[in-house]
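Please look at the structure below with the sequence beside it, and keep both at hand while reading.

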Amino acid sequence: MNNYLLKNARLYRNHCFEETDILVENGYIQKIQKDLESSYPHIELHGMLVSHNFIDIHTHLREPGYEYKETIATGSRAALYGGYGTIVAMANTNPCMDNQDTIEDFQKRVEKDGYVNIYTYSAITKDLKGQSLVDMENLIQNDIVLGFSDDGKGVQSQQIMDSAMKLAKQIDSIIVAHCEDESELHGGCIHDGRYAKEHHLVGINSASEYKQVARDLDIVRKYHNRYHVCHISTQETIQLLKEAQKENLCVSGEVAPHHLILTEDNIKDCHPHYKMNPPLRSKEDHQALIQGLNEHIVTVIATDHAPHSKEEKAKPIQQAPFGIIGIQYAFPLLYTYLVKAQLVSLETILDALTIGPAQVLNLDASIEEGNIANLCIFDLDNQFEINEDINRSKSINTPFLGVKCYGKIKANILNGQYIEMEE
């Protein structure tokens, strides 16, 4: 359905809310004003939240190569049910997204199976090995490629990262950095804090993240290129980003919902569903992330949706893979744990799910008359439980199973099409 009238919406746009109607004709927003009438079907919202649908710039779709964890179809359907209209897939597939043939094949798969708008990053280095750069200048010519990331591994060589940033500046593209100094790793599985010590587990220290952020920012100061820090988890990284932004460097950062909601103190029974990279850190780090979001040092919330099979996540925490799913329930969890707890405003959350990621990757998240309709609708008063029955991902590796949260999705409007979410 692409002709309809949304009645009594609580629309969020231009950093504020307005009570209004929205008329959509042939998929395009014709009018935004109160008391509209039309012969098209009326959809009564009774004050439900309407926002631009969300943009996730950090999603693992696993295809090609790891379809037993997730596929383009299942991952993008979970995104659709999460209120997302655009996602960006990471390059750590098999084969790796580091060459023209693989990227063209991915684009064909997306056109066939994608439920939302899907882009990808090219890898920074061939096969994510950190030894030689991909053909950045040619790969960025693909419309589906929005930048470069070796996510899953940090680029260990300063020389290689220097060359990558220099090239990124020349082609006006962006380096999206997984910052992890492997010299600081010792086979850890959770944060090097209280819980690790109490349970005799090898910890992952904060320096493994912030040391590489500091190195990269020094390179940015040299080339003044676009640079984005993935899944920030430490207070030191927030401070480094804050200082770089004061210098008017073109740098940005993202934080994942799980890092905004949980700390090491939430880990239960050494369960591998609490194992992610970077790990859940201390209360002090958690507070710094929320402060960074509130002060707009961090302008992006990205899910780092990382599906794994039940068999993989059934292993002991030391052996299980890093990562949790998150794209279907990101907004309800953020609304329940941050907005309703009065830790972060709803406006800040919505900006970090729409405008923030759009600005980082030069996308459009505006809602104006004449635009094609890309909207999501949530009932903020509707409480529901996260469980396997409503899960659209192929995987179920999340610590939030059984959690009750507010903010159930009613519909996702994708490229003008009104899609009501099934129960």
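Gln 342 counts as exposed, because its relative accessibility is 72%, where exposed means over 50% relative accessible area, buried means under 20%, and partly exposed lies in between, with a 1.4 Å probe and protein chains only. Gln 342 is found in the loop between helix H11 (330-339) and helix H12 (346-353), and although Gln 342 is not a glycine, its phi is positive, at about 60°. Helices (H or I, at least four residues) and strands (E, at least two) are DSSP runs that are numbered from the N terminus. The model is predicted, so local features need pLDDT of at least 70 and side-chain atom pairs count only at pLDDT 80 or more, while totals for chains, interfaces and linings use all residues. Residues are numbered from 1 along each chain as its sequence is written, and side-chain values use heavy atoms, with hydrogens and water left out.

A positive phi is also found at Asn 14, which is not a glycine and has a phi of about 50°. Asn 14 sits in the loop between strand S1 (4-13) and strand S2 (16-25). As background, most residues other than glycine have a negative phi, and most peptide bonds are trans.

Which form does the peptide bond between Glu 63 and Pro 64 take? That bond is cis, with omega about 10°, and Pro 64 belongs to the loop between strand S6 (54-59) and helix H1 (72-81). The peptide bond from Asn 277 to Pro 278 is cis as well, with omega near 5°, and Pro 278 has its place in the loop between helix H8 (257-261) and H9.

The next topic is a pair of helices. Two packed helices are described by the angle between their axes and the distance between the axes. For helix H7 (residues 235-246) and helix H9 (residues 283-294), the axes come within 8 Å and cross at roughly 30°; axes are lines fitted to C-alpha atoms, for helices over the stretch in contact, and angles run from 0 to 180 degrees between N-to-C directions. H7 and H9 are therefore roughly parallel to each other, since angles under 35 degrees count as roughly parallel, over 145 as roughly antiparallel, 65 to 115 as roughly perpendicular and the rest as oblique. On the H7 side Gln 235, Glu 236 and Ile 238 make contact (heavy atoms within 4.5 Å) with Glu 284, Asp 285, Ala 288, Leu 289 and Gly 292 of H9. By class, this contact has 3 nonpolar, 2 polar and 3 charged residues, where Ala, Val, Leu, Ile, Met, Phe, Trp, Tyr, Cys and Pro count as nonpolar, Asp, Glu, Lys and Arg as charged, and the others, Gly among them, as polar.

Now turn to Gly 326, which has its place in the loop between helix H10 (310-313) and H11. Gly 326 is buried, because its relative accessible area is 18%. Leaving aside neighbours within four places in sequence, Gly 326 is in contact with Thr 303 and His 305. The C-alpha atoms of Gly 326 and Asn 277 are separated by 14 Å, with the two residues 49 apart along the chain.

On a 1 Å grid over the protein atoms alone, a cavity is a set of points where a 1.4 Å probe fits but cannot get out, whereas a pocket is an open set with protein on both sides within 12 Å along at least five of seven lines, and lining residues have an atom within 4 Å of a point. The largest cavity holds about 90 Å³ of space; grid points are joined across faces, edges and corners, and a volume is the space filled by probe spheres set on the points.

The largest pocket contains about 520 Å³ of space. Of its 31 lining residues, His 60, Arg 62, Asn 92, Gly 152 and Phe 322 lie nearest its centre, and the lining divides into 11 nonpolar, 13 polar and 7 charged residues.
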